[in-house]
Amino acid sequence: MTSTVPVVTDISYQDLLDDPYPIFRRLRETAPAVFVETAKLTLVTRFDDITTIERDPATYSADNPTSLVNKVMGPTFMRKDGAEHMIGRKAIEPSFRPATIREYWAPRFSAICERLIGALAGAGEADLFDALAAPMASLSLMEMIGFEPMPWQTLAAWSQALIDGAGNYAGDAEIERKAMQAGAAVDAAIEAVLDHHRSHPNPSILSSMVNIDPPMSIEDIRANIKVIIGGGLNEPRDAILTLVLGLLQNPAQKRTVLAKPELWPAALEEAVRWISPIGMYPRRVTRSVDLSGVTLPQDLQIGLCVGAANRDGKRFADPDSFDVSRPKQSHLAFGAGPHFCAGTWVSRLTVGKIVAPMLFERLRNLRLRDDAPPVVRGWVFRGPVSLPVRWDA
Ligand code: HEM
């Protein structure tokens with residue numbers, strides 16, 4: 001016996017933004033898939049169901065030509081399936097090779113981090129969002145893409161405008177204008193460096209794209225660089241802040257990790273499980289299908305709530321707690337299946353091996369401020385939007 005997708009009408013969008021976890025729990029307990037009126041989308045929240053979906057890309061397609069991502073950024077490989085997806089993925093692969101990350105990107109990202117932490121060390125207090133996480137994520141992505149140097153705020157603003165445009169379901173004209181303006185600025189920044197990357201091959205993403213045989217077309221380069229800007233800046237930023245927040249709120253765990261630095265990688269995995277920077281991403285159902293007893297009709301748009309699956313009590317004991325010592329168990333924060341995050345290893349290195357360890361080593365007695373609590377927000381994307389801290393300067 002299968003049933004139709006239930007509809008939930010009493011969830012407020014503000015509640016989803018403020019704290020989606022009680023809502024996610026309710027949805028998990030209600031059905032495998034639930035249409036949430038305020039989100040205008042059918043949401044899948046259970047760990048096992050999302051795993052099933054990601055193993056069957058023929059039924060659950062990432063390809064959606066009418067999606068806002070395609071409208072704002074162009075036809076990107078993240079929203080394609082099969083061979084077309086693989087062509088794009090292969091074109092960027094040289095920049096993400098483990099040896100390239102270790103030998104080329106790691107020293108560069110360490111130098112950026114040294115500079116940022118060195119500049120704020122004497123201050124004794126800061127909001128780590130603007131003082132460290134956002135500039136770190138922006139400056140390292142800028143180098144990785146192969147752009148000419150620019151203020152970190154510029155790339156961060158483009159990223160935000162593109163993300164806002166891709167989520168502009170209400171069709172707000174001002175959001176669309178800003179997204180298109182950011183897109184044009186990205187196109188110009190690409191144009192300014194393409195000849196250099198053609199004549200001087202190097203590990204940057206733009207160089208990988210133009211020097212592969214056959215080279216990626218300019219339309220594809222523009223679309224895919226926009227997706228990488230939209231997907232490769234806010235997420236490591238939020239992972240840095242979430243990891244620091246988890247440790248500062250749990251001083252015993254902080255002491256354990258500082259005493260055993262080999263625990264840093266596990267601490268990062270736990271941070272992105274606990275508060276997943278990408279909480280939801282979309283798929284399209286290509287044929288009528290049964291998902292754990294619920295019928296999903298052909299062409300239904302669904303949202304895979306990995307932020308909910310990563311707190312599924314059937315998969316993780318005491319799922320709402322941050323616990324760096326929990327038994328090792330794979331999570332879905334980097335996605336799964338063919339679209340598994342291309343930036344996983346570079347993020348693991350940057351956040352878990354460079355930024356967080358250096359921060360706690362250099363800023364002695366790092367602590368939260370009683371008078372300025374951290375603020376965490378979002379459900380499609382979630383992370384601290386403010387993390388005020390003090391240390392002994
Ligand atoms: C902690 C940091 C990060 C998290 C949590 C994260 C998460 C994700 C998730 C969940 C997806 C799947 C999206 C989907 O299937 O629709 C994804 C895809 C992707 N991510 Fe990340 N990401 C992170 C960092 C990065 C970075 C730093 C880069 C690039 C420098 C990057 C590049 C990409 C790309 C290119 C894809 C598309 C892969 C494909 O379609 O084959 N990500 N990411």
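Buried means under 20% relative accessible area, exposed over 50%, and partly exposed in between (1.4 Å probe, protein chains only). The model is predicted: local features need pLDDT of at least 70, side-chain atom pairs count only at pLDDT 80 or more, and totals for chains, interfaces and linings use all residues. Residues are numbered from 1 along each chain as its sequence is written, and side-chain values use heavy atoms, with hydrogens and water left out.

**View 1. N365, a non-glycine residue with positive phi.** Phi of N365 is near 55 degrees. N365 sits in the loop between α16 (344-362) and β10 (367-368). Helices (H or I, at least four residues) and strands (E, at least two) are DSSP runs, numbered from the N terminus. With a relative accessible area of 42%, N365 is partly exposed.

**View 2. S292, in the loop between β7 (289-291) and β8 (294-296).** S292 is not a glycine, yet its phi is positive, about 50 degrees. S292 counts as partly exposed because its relative accessibility is 47%.

**View 3. The cis peptide bond from D213 to P214.** Omega of this bond is near -5 degrees. P214 belongs to the loop between α10 (205-211) and α11 (218-232).

**View 4. C341 and the iron atom of the ligand.** C341 is the only protein donor of this iron atom. Its SG atom lies at 2.2 Å. Donors are N, O and S atoms within 2.8 Å of the metal (3.2 Å for Na, K and Ca); water is not among the atoms, so sites may look incomplete. C341 is placed in the loop between α15 (306-309) and α16.
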